[in-house]
Amino acid sequence: MSNASLDAIAAKSDQPFPGAPNNWRRFFSFSTDHKVIGIQYMVTAFVFFLIGGLLAMVMRGELITPEADLVDRTVYNALFTMHGTIMLFMWTFPMLNGLSNYLVPLMIGARDMAFPRLNAAAFWLVPVFGTLLMASFFVPGGPSQSGWWAYPPVSLQNPTGNLINGQVLWLLAVALSGVSSIMGAVNFVTTIFRMRAPGMGWFRMPAFCWTVLSAQMIQLFGLPSLTAGAVMLLLDLTAGTSFFDPAKGGDPVLYQHFFWFYSHPAVYVIILPIFGTFSEVFPVYARKPLFGYRFVVVSSVIITVLSAMVWVHHMFASGTPSWMRMLFMFSTMLISVPTGVKVFAWVATVWGGKLRLDTPMLFALGGLVCFLFAGITGVMLGAVPFDIHVNNTYFVVGHFHYVIYGATVMGIYAAIYHWFPKMTGHMYYEGLGKLHFALTFIGVNLNFFPMHPLGLMGMPRRVSSYDPEFAYWNVIASLGGFLLGVSTLPFILNIVSSWVLGKRAPANPWNAIGLEWLIPSPPPVENFEEIPIVVSGPYGYGSNESLVSNNPAGELISEHS
Amino acid sequence: MSTANLDPTLNAHSVHAAEHEEEDHRMFGFIVFLLSESVIFLSFFVGYTVYKTNITDWLPSGVEGLEVREPLINTIVLVSSSFVIYFAERFLHKENLWGFRAFWLLTMAMGSFFLYGQAVEWMGLPFGFTDGVFGGTFYLLTGFHGLHVMTGVLLQGIMLGRSFLPNNYAGGEFGVAATSLFWHFVDVIWIILFILIYVWQ
Ligand code: HEM
Ligand SMILES: [Cu+2]
């Protein structure tokens, strides 16, 4: 290891940059720099995470006692609808888009995304449809109450008779979010196909970029189906058509197909970049190459293809013919194969490594544990007889929150901590990070584990009151929920204070391999002084290969064993 | 403050390079966009087929079926315009600006004729948007497609206007290529739509 070059880079990165992100005003302006846009996405998304979380707190507050005493039935319906919608469309999607926006050009050695202005436009739609969605709290009748699925005929009810109502605003927001995501997807796909640095062949691209590519492909080909369904529903609601209205000859099950054709793959839009994050984080903190890199990336592609073929498993209980159920049950279970390949690769990567338990690694390990648990309950749900039994019980709610909070949110935290020094040029506070992890991990399990026994006992989902026999587990779940609320405080404190006061971060604080670690923290406006020429794969930990041929920092790569 | 990133020549150079790159990526991006767009149409087509095969009293009462003659003329005009626009592009590549403008304008005229024909057809129809699922899907599909034709004609107008600006269209240009690709796309969609709605009655 050459300390001289490390120090040289560190010294260099201590200098201020033109228009460096220290100038906070940039983040409130129409910038076309993918790094600024990335952070804009992430911060906006986090604000909505807090709002969605606040709604969750109210729900858990309601559910701490069996009676419906805190909010009434209709308010509760609006709460879970808005909570689910905000968490998916306003938090995870924008958050992961932000992360990908920030990282992909750096990781593939590009100066920016392929279409910088389109990129900015896609981002600025987020506050627009976010505002539309929030406005529904203030219109007569309040927000939509039909759940985030918006199944007709429930979503076709319009008791106030107003043209502007919660459901219409909801549909407009979802359709706009679709437009924004498709704009983003076009940009990502073009960028990854066309702008990789010289020498970066497909199998030299970091796994994270592969997962982003796969996820964005799903957006590209899945979202239009949701958009079509949303437009037809909107017309039913406002223009008097009857596409989905069974009372007027329409077909509500067709809506379910439109919806799930997108929304099942959408879970992979969320989880794939998390898989990518795991694949980046584990090698760094275990000091080992990613085990079976090729299998890991190929499995992402297989998951993408399979995910488009399994949507009907959400409709096992909607009168689907049984041959179809068997077919989709089989394809659903098939997805566990490529997923299992990934899990195996991560475990093999971590196994026997010199583990460094920094906060990113803790979150990644915690996320993996939750994902394994969710995988087991997921396979159970994929089995038709079992699914029919627990359909619409809390078992399902427990399962998907393990995926979506346990694996996804923890994976997002892992990514934020891991790349925080790169993004801000400052180190976060490790102690606060570990506290944040402990609270999150305990909170997730306290909150969401009890939902499984509740579901098996028969507690239905989407209820504001319940039989007192369910009270015991619900109290625990609520306490866990409040703990999760509290857990965000050390995170916010950490981010804000270290961004302002934290120690300066060197270019490569983790001794990681990857193009993004070869340039100063935070990266200058056009990322690379000179576009790097890539000469090896992304995970050469412990080998003597260098990653690029034309960068003095290339030496860095050859250290460690 | 003296990192190389401050070097003005370097920045100017790379900004220039980036602009060129963007030019190259546009067509790729546009094709990706069209692929995505076609899934919306596909969804509508699938919806139409599901309805048509499942609903027993499909046509609104009093409606016998759709008149095919006028839409057929429309179809012929639209399909031929795809050839006309192809020749317009060829003229541009040969740097024959007036040939380009003439054929381009002809394409616009044919597109407008299509829109006019559709408007006339719509006004003569005995059923409306809210007349059952049939009425809804009929106007949704033809309307959504019509919107695309309108967009196409609009884009063509912009490109025609730009061809009168100095120094434009020296050797073919992204805007023209994309507009023409879009036009072929709209054309193919119409053929499927025509078969689905008018031929398969
Ligand atoms: C403190 C954390 C959280 C708590 C306490 C919580 C609690 C809840 C509760 C009580 C429900 C209603 C379940 C039902 O009756 O069907 C629910 C639904 C849901 N949650 Fe969460 N949740 C949390 C975090 C999240 C996160 C981070 C996401 C996504 C990123 C999420 C996504 C959803 C979705 C999609 C629904 C379904 C909404 C619907 O049925 O329309 N939740 N959550
Ligand atoms: Cu699914």
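1. A quick word on terms before the notes: two residues are in contact, or touch, when heavy atoms of theirs lie within 4.5 Å. Keep in mind as well that this is a predicted model.

2. With that in hand, take A:Thr408, which sits in helix α12 of chain A. Setting aside residues up to four places away in sequence, A:Thr408 touches A:Thr92, A:Ile270, A:Ile271, A:Ile274 and A:Val403. Its relative accessible area comes out at 1%, so A:Thr408 counts as buried, the cut-off being under 20%.

3. Now the packing. The largest nonpolar core has 226 residues, and A:Trp91, A:Phe244 and B:Trp104 have the most contacts inside it. The element that gives the most to this core is helix α3 (residues 73-108) of chain A, with 20 residues.

4. A:Trp91 deserves a look on your screen. Leave out its neighbours within four places in sequence, and A:Trp91 is in contact with A:Ala45, A:Phe46, A:Phe49, A:Ile86, A:Val409 and A:Ile412.

5. Not counting residues up to four places away in sequence, A:Ile495 touches A:Ile416 and A:Phe420. As for A:Thr65, it is 430 residues from A:Ile495 along the chain, and their C-alpha atoms are separated by 35 Å.

6. For chain A as annotated, an unreviewed UniProt entry lists residues 24-535 under "domain: Cytochrome oxidase subunit I profile". In the model, that stretch of chain A is 67% helix and 0% strand, and its end C-alpha atoms are 37 Å apart.

7. Over to chain B. How many helices and strands does chain B have? Five helices and zero strands, so read from the N terminus the elements simply go α-α-α-α-α. Of the 201 residues in chain B, 45% are buried. Among the chain B contacts with a separation of 6 or more, 78% come from residues 24 or more positions apart. Chain B exposes about 10000 Å², and carbon and sulfur atoms supply 69% of that area.

8. Last, the record against the model for chain B. UniProt, in an unreviewed entry, lists residues 28-51, 71-88, 100-118, 138-160 and 181-200 of chain B as "transmembrane region". Two of these can be set beside the coordinates. Residues 28-51 of chain B are 100% helix and 0% strand, with end C-alpha atoms 35 Å apart. Residues 181-200 of chain B are 95% helix and 0% strand, and there the end C-alpha atoms lie 28 Å apart.

How values were computed. Residues are numbered from 1 along each chain as its sequence is written. Chains are lettered from A and ligands numbered from 1 in the order in which they are written. This is a predicted model: local features need pLDDT of at least 70, side-chain atom pairs count only at pLDDT 80 or more; totals for chains, interfaces and linings use all residues. Side-chain values use heavy atoms; hydrogens and water are left out. A nonpolar core is a set of buried Ala, Val, Leu, Ile, Met, Phe, Trp, Tyr and Cys residues joined through side-chain atoms within 4.5 Å. Buried means under 20% relative accessible area, exposed over 50%, partly exposed in between (1.4 Å probe, protein chains only). Helices (H or I, at least four residues) and strands (E, at least two) are DSSP runs, numbered from the N terminus. Accessible areas come from the Shrake-Rupley method with a 1.4 Å probe; for residues, only the protein chains shown count as cover. UniProt positions are given in the numbering used here, feature names are shortened, and annotations may be inferred rather than shown by experiment.
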